Amino acid sequence: MDALLPRPRAELAPGAVHLPDWLDFDAQRELVAACRGWSGYHHTRLPNGGVMSVKSVCLGWHWYAYGYSRTTGEGTPVLPFPGWLGDLGRRALADAYGEPADGYAPDIALVNFYDAVAKMGLHQDKDERSLDPVVSLSLGDTCVFRFGNTQTRGRPYTDVELHSGDLFVFGGPSRLAYHGVPKTLPGTADPALGLTGRLNITLRVSGL
């Protein structure tokens with residue numbers, strides 16, 4: 001029954017906005033196809049020797065722990081950031097904040113794939129020189145998204161379910177909030193989407 005009820009727009013904190021079902025199903029399928037066309041998904045190794053459980057690919061700039069490069073870990077050029085993705089980011093930001101976002105110019109996309117056991121620890125997106133908002137798009141399985149405060153990985157934080165097609169934007173006072181994904185909910189994606197697992201696309205402005 002809950003699936004039949006519309007999920008309202010929610011502002012979790014100043015500048016942190018959740019827009020459920022922002023992408024229609026056709027747009028979701030197009031994004032899944034685009035994600036499949038980007039090669040080079042890998043598990044990022046952290047300085048402490050750990051390996052991230054998500055598999056990632058980057059567009060525009062390659063993220064490594066903790067910085068950006070124009071080449072991948074294998075020394076090959078990073079995939080280009082497509083103009084249509086920037087247009088999507090501007091539309092997303094305008095819808096989230098209710099004001100024009102013509103000046104928003106993302107040049108980084110981080111694409112993370114979550115299988116049934118992957119998760120993401122609480123962290124800040126602070127490797128960019130720009131503090132322009134982060135635009136996050138969810139595809140496939142639902143996840144539990146934990147959105148915290150700007151001071152600590154501990155409480156207070158809010159857990160919200162992000163479904164396929166959902167948009168989440170955080171900027172302004174919430175730009176450096178800790179956030180993560182403690183778990184996904186395997187098998188919750190629409191089978192017609194053709195995706196087993198979860199894809200998350202985050203758009204950022206490098207300032208580089």
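**Exercise 1. How many disulfides does the count come to?**

Solution. The structure is a predicted model, in which local features need pLDDT of at least 70 and side-chain atom pairs count only at pLDDT 80 or more, while totals for chains, interfaces and linings use all residues. Residues are numbered from 1 along each chain as its sequence is written, and side-chain values use heavy atoms, with hydrogens and water left out.

Begin with the rule, by which a disulfide is a pair of cysteine sulfur atoms within 2.5 Å. Next, take C35, whose sulfur has its closest cysteine sulfur in C58 at 12 Å, which is too far for a bond. The count therefore comes to 0 disulfides, because the sulfur of C58 likewise finds its closest cysteine sulfur, that of C35, 12 Å away.

**Exercise 2. Decide whether C35, C58 and S206 are buried or exposed.**

Solution. Buried means under 20% relative accessible area and exposed over 50%, with partly exposed in between (1.4 Å probe, protein chains only). C35 has 1% relative accessibility, so C35 counts as buried. C58 has 6%, so C58 is buried too. S206 has 0%, and S206 therefore also counts as buried.

**Exercise 3. Describe the surroundings of S206.**

Solution. Then list its contacts, meaning heavy atoms within 4.5 Å: leaving aside residues up to four places away in sequence, S206 touches W61, D107, I108, E128, R129 and S130. Finally, a polar atom of the S206 side chain lies 3.0 Å from the backbone nitrogen of L208.

**Exercise 4. In which order do the 7 strands of the open sheet stand?**

Solution. The order is 1-2-11-8-13-6-3, with antiparallel pairing, where two strands pair if DSSP finds at least two bridges between them. At the edges stand strand 1 (10-13) and strand 3 (55-59), each of which pairs on one side only. As a worked pair, strand 2 (residues 16-19) meets strand 11 (residues 167-170) in the antiparallel sense over 4 bridges, and within this pairing H18 has F168 of strand 11 as its bridge partner. Helix 2 (residues 83-97) packs on the sheet, touching strands that include strand 2 and strand 11, and its direction makes about 80° with that of strand 11; here axes are lines fitted to C-alpha atoms, for helices over the stretch in contact, and angles run from 0 to 180 degrees between N-to-C directions.

Conventions. Polar contact = N/O pair within 3.5 Å; in protein donor to acceptor, adjacent residues only side chain to side chain. Helix = DSSP H or I, 4+ residues; strand = E, 2+ residues; numbered from the N terminus.
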